Amino acid sequence: MKKNSKKTILFNLILIVTIAFFVLGYVGVKLKYDILAKDKVLLQKELNNQKNWKTNLLAQKQSLTSESRIVEVAKKELGLISYLKPEETIVVKKIKIKELSNKLGGHNE
(Lines give C-alpha, C1' and ligand atoms only; values in the text may rest on other atoms or scores of the structure.)
Protein backbone atom coordinates (compact mmCIF):
# COMPACT_ATOMS: atom_id res chain seq x y z
CA MET A 1 0.00 0.00 0.00
CA LYS A 2 1.10 3.41 -0.77
CA LYS A 3 1.29 6.24 1.74
CA ASN A 4 -1.29 8.14 -0.22
CA SER A 5 -3.78 5.27 -0.02
CA LYS A 6 -3.26 4.96 3.76
CA LYS A 7 -4.13 8.62 4.17
CA THR A 8 -7.21 8.18 1.99
CA ILE A 9 -8.37 5.13 3.97
CA LEU A 10 -7.80 6.95 7.27
CA PHE A 11 -9.60 10.05 5.99
CA ASN A 12 -12.53 7.94 4.73
CA LEU A 13 -12.69 6.03 8.03
CA ILE A 14 -12.72 9.25 10.06
CA LEU A 15 -15.33 10.69 7.72
CA ILE A 16 -17.56 7.61 8.07
CA VAL A 17 -17.21 7.62 11.89
CA THR A 18 -18.03 11.34 12.01
CA ILE A 19 -21.08 10.92 9.78
CA ALA A 20 -22.21 7.91 11.84
CA PHE A 21 -21.78 9.95 15.02
CA PHE A 22 -23.89 12.81 13.65
CA VAL A 23 -26.56 10.43 12.32
CA LEU A 24 -26.81 8.63 15.67
CA GLY A 25 -26.93 12.00 17.45
CA TYR A 26 -29.70 13.17 15.15
CA VAL A 27 -31.69 9.97 15.71
CA GLY A 28 -31.26 10.30 19.48
CA VAL A 29 -32.42 13.93 19.47
CA LYS A 30 -35.34 13.08 17.19
CA LEU A 31 -36.47 10.25 19.51
CA LYS A 32 -36.21 12.52 22.54
CA TYR A 33 -38.20 15.21 20.72
CA ASP A 34 -40.92 12.70 19.83
CA ILE A 35 -41.12 11.49 23.43
CA LEU A 36 -41.36 15.05 24.74
CA ALA A 37 -44.02 15.95 22.14
CA LYS A 38 -46.08 12.92 23.19
CA ASP A 39 -45.69 13.86 26.86
CA LYS A 40 -46.80 17.40 26.05
CA VAL A 41 -49.97 16.13 24.35
CA LEU A 42 -50.75 13.82 27.28
CA LEU A 43 -50.19 16.60 29.81
CA GLN A 44 -52.36 18.96 27.76
CA LYS A 45 -55.17 16.39 27.84
CA GLU A 46 -54.72 15.99 31.59
CA LEU A 47 -54.87 19.77 32.04
CA ASN A 48 -58.10 19.92 30.01
CA ASN A 49 -59.55 17.11 32.13
CA GLN A 50 -58.68 18.99 35.31
CA LYS A 51 -60.26 22.19 33.95
CA ASN A 52 -63.43 20.28 33.05
CA TRP A 53 -63.48 18.70 36.51
CA LYS A 54 -63.15 22.14 38.11
CA THR A 55 -65.94 23.53 35.92
CA ASN A 56 -68.21 20.61 36.85
CA LEU A 57 -67.54 21.15 40.55
CA LEU A 58 -68.33 24.85 40.19
CA ALA A 59 -71.61 24.03 38.43
CA GLN A 60 -72.53 21.57 41.19
CA LYS A 61 -71.73 24.17 43.84
CA GLN A 62 -73.89 26.74 42.09
CA SER A 63 -76.81 24.32 41.80
CA LEU A 64 -76.52 23.33 45.47
CA THR A 65 -76.31 26.93 46.68
CA SER A 66 -79.06 28.36 44.53
CA GLU A 67 -81.78 30.18 46.41
CA SER A 68 -84.59 28.10 44.95
CA ARG A 69 -83.00 24.84 46.12
CA ILE A 70 -82.26 26.18 49.60
CA VAL A 71 -85.83 27.43 50.02
CA GLU A 72 -87.18 24.09 48.82
CA VAL A 73 -85.03 22.11 51.27
CA ALA A 74 -85.90 24.48 54.11
CA LYS A 75 -89.62 24.04 53.49
CA LYS A 76 -89.71 20.30 52.81
CA GLU A 77 -87.02 18.86 55.06
CA LEU A 78 -86.82 21.41 57.86
CA GLY A 79 -90.45 22.49 57.93
CA LEU A 80 -89.65 26.18 57.79
CA ILE A 81 -92.13 28.68 56.45
CA SER A 82 -91.64 31.78 54.32
CA TYR A 83 -91.45 35.18 55.94
CA LEU A 84 -94.88 36.72 56.32
CA LYS A 85 -95.72 40.41 56.70
CA PRO A 86 -95.97 41.50 60.31
CA GLU A 87 -99.51 41.84 61.60
CA GLU A 88 -98.84 45.16 63.24
CA THR A 89 -96.51 48.06 62.46
CA ILE A 90 -95.36 50.46 65.11
CA VAL A 91 -94.90 54.11 64.08
CA VAL A 92 -92.95 56.47 66.34
CA LYS A 93 -92.25 60.12 65.59
CA LYS A 94 -88.77 61.57 65.97
CA ILE A 95 -90.09 64.29 68.25
CA LYS A 96 -91.36 61.70 70.74
CA ILE A 97 -88.00 59.97 70.74
CA LYS A 98 -86.18 63.25 71.42
CA GLU A 99 -88.60 64.14 74.22
CA LEU A 100 -88.08 60.77 75.90
CA SER A 101 -84.34 61.11 75.46
CA ASN A 102 -84.38 64.53 77.12
CA LYS A 103 -86.52 63.22 80.00
CA LEU A 104 -84.07 60.40 80.63
CA GLY A 105 -81.25 62.89 80.59
CA GLY A 106 -79.41 61.50 77.62
CA HIS A 107 -78.25 58.44 79.54
CA ASN A 108 -78.89 56.15 76.56
CA GLU A 109 -76.52 57.93 74.18
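1. Let me begin with the salt bridges: the structure holds two of them. Please keep in mind throughout that this is a predicted model.

2. One of the bridges joins Lys30 to Asp34, with the closest N and O atoms 3.7 Å apart. The two residues sit four apart in helix α1, which spans residues 3–64, so about one helical turn separates Lys30 from Asp34. In general, an α-helix has 3.6 residues a turn, so residues three or four places apart point the same way.

3. Glu72 has a relative accessible area of 43% and is partly exposed, whereas Lys76 reaches 66% and counts as exposed.

4. Next, the aromatic residues. How many aromatic pairs does the count come to? The count is one. The pair is formed by Phe21 and Phe22, with 5.9 Å between the ring centres and 65° between the planes, an edge-to-face arrangement.

5. The patch covers about 700 Å² and is made by Phe11, Leu15, Ile19, Val23, Tyr26, Val27 and Leu31. Val23, one of these residues, is found in helix α1. With 44% relative accessibility, Val23 counts as partly exposed.

6. On the overall fold, the chain has three helices and zero strands. Read from the N terminus, its elements run α-α-α. Between α1 and α2 there is a loop, and Ser66 has its place there. Ser66 is partly exposed, at 25% relative accessibility. For a sense of distance, Ser66 and Lys40 are 26 residues apart in sequence, and their C-alpha atoms are 39 Å apart in space.

7. Helix α3 deserves a separate look. Is this helix of eleven residues, 94–104, largely in the open or largely buried? The number of buried residues in α3 is zero, so the helix lies largely in the open. Gly105 follows α3, and its phi is positive, near 85°.

8. Along the principal axes, the C-alpha atoms fill a box of roughly 135 × 45 × 15 Å.

9. Burial and surface area can be read together with those dimensions. Of the 109 residues, 1% count as buried. The chain exposes about 11,300 Å², and carbon and sulfur atoms supply 65% of that area.

10. Finally, a word on confidence. The mean pLDDT of the chain is 89, and 94% of the residues score at least 70. Confidence is highest in α1, with a mean of 95, and lowest in α3, with a mean of 86. Helix α1, then, has the highest confidence, and it also holds the Lys30 and Asp34 pair as well as Val23. Helix α3, where confidence is lowest, is the helix whose number of buried residues is zero.

Notes
Residues numbered from 1 in each chain as written. Predicted model: local features only at pLDDT ≥ 70, side-chain atom pairs only at ≥ 80, totals over all residues. Heavy atoms only, no water. Salt bridge = Lys/Arg side-chain N within 4 Å of Asp/Glu carboxyl O. Buried < 20%, exposed > 50% of the residue type's maximum accessible area, 1.4 Å probe, protein only. Phe/Tyr/Trp six-rings, centres within 6.5 Å; stacked < 30°, edge-to-face > 60°. Patch = residues over 30% accessible without salt bridge, like charges linked within 9 Å, V, L, I, M, F, W, Y side chains within 5 Å. Areas by Shrake-Rupley, 256 points an atom, 1.4 Å probe, with all protein chains shown as cover. pLDDT = per-residue confidence, 0-100.
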